[in-house]
Amino acid sequence: MSRQKATIEKQIIKRMKELGIYKLEYKNTIDILVGMMHQYENFLEQFEESGYKITEEYTNKAGATNERKTPLLSAIEKLRMDIATYLNMLCLNPKSFQSITPDIKKKSGLASILSELDNG
């Protein structure tokens with residue numbers, strides 16, 4: 001069963017905050033990503049229910065019948081690419097995250113000294 005949109009959104013925002021990259025200005029981009037991830041999960045459920053049907057017979061306008069990839073599988077593949085693009089935009093993959101400087105809060109002087117003492 002696919003997750004609710006609110007759950008997906010909370011997980012994305014939590015992850016972004018943990019990485020120090022969350023900004024309120026990303027709300028619209030996050031909303032689009034949440035919608036795509038929700039659709040993707042629903043499509044995966046339907047694909048499973050179809051028995052993972054990859055192809056189907058299709059008759060074109062000229063009357064020729066051929067095998068083609070199912071529309072559901074095509075939609076899943078397209079969503080995978082779109083989701084990857086949005087994850088890149090939000091720096092939620094290792095490669096794109098390396099290119100930014102996150103807003104990670106620095107430890108206070110005392111906390112840094114105590115942390116060094118624990119490690120020593």
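In which helix is Ile-76 found? Ile-76 belongs to helix α3, which covers residues 71-89; helices here are DSSP runs of H or I with at least four residues, numbered from the N terminus.

The model is predicted, so local features need pLDDT of at least 70 and side-chain atom pairs count only at pLDDT 80 or more, while totals for chains, interfaces and linings use all residues. Residues are numbered from 1 along each chain as its sequence is written, and side-chain values use heavy atoms, with hydrogens and water left out.

**Ile-76 and its surroundings**

Ile-76 has 0% relative accessibility and counts as buried. Buried means under 20% relative accessible area, exposed means over 50%, and partly exposed lies in between (1.4 Å probe, protein chains only). Apart from neighbours within four places in sequence, Ile-76 is in contact with Tyr-40, Phe-43, Leu-44 and Phe-47, where contact means heavy atoms within 4.5 Å.

**Rings**

Rings of Phe, Tyr and Trp (its six-membered ring) pair if their centres lie within 6.5 Å; planes under 30 degrees apart count as stacked, over 60 as edge-to-face and the rest as tilted. The count is one aromatic pair. Phe-47 and Tyr-52 have ring centres 5.3 Å apart and planes at 90°, so this pair is edge-to-face. Phe-47 is buried at 11% relative accessible area, whereas Tyr-52 is partly exposed at 49%.

**Salt bridges**

Side chains of opposite charge can pair when their charged atoms come close. A salt bridge requires a side-chain nitrogen of Lys or Arg within 4 Å of a carboxyl oxygen of Asp or Glu. The structure has seven salt bridges, including those in the table.

| Salt bridge | N to O distance |
|---|---|
| Glu-41 and Arg-3 | 2.5 Å |
| Lys-27 and Glu-9 | 3.0 Å |
| Asp-31 and Lys-27 | 2.8 Å |

Glu-41 and Arg-3 form a salt bridge that links distant parts of the chain: Glu-41 is in helix α2 (residues 27-49) and Arg-3 in the segment before α1 (5-19), 38 residues apart. Glu-41 is buried at 17% relative accessibility, and Arg-3 is partly exposed at 29%.

Lys-27 pairs with Glu-9 in a salt bridge. Because Lys-27 lies in helix α2 and Glu-9 in helix α1, this pair ties together parts 18 residues apart in sequence. Asp-31 and Lys-27 are both in helix α2, four residues apart, about one turn of the helix. Shared partners join Glu-9, Lys-27 and Asp-31 into one network of salt bridges.

Key
Helix = DSSP H or I, 4+ residues; strand = E, 2+ residues; numbered from the N terminus.
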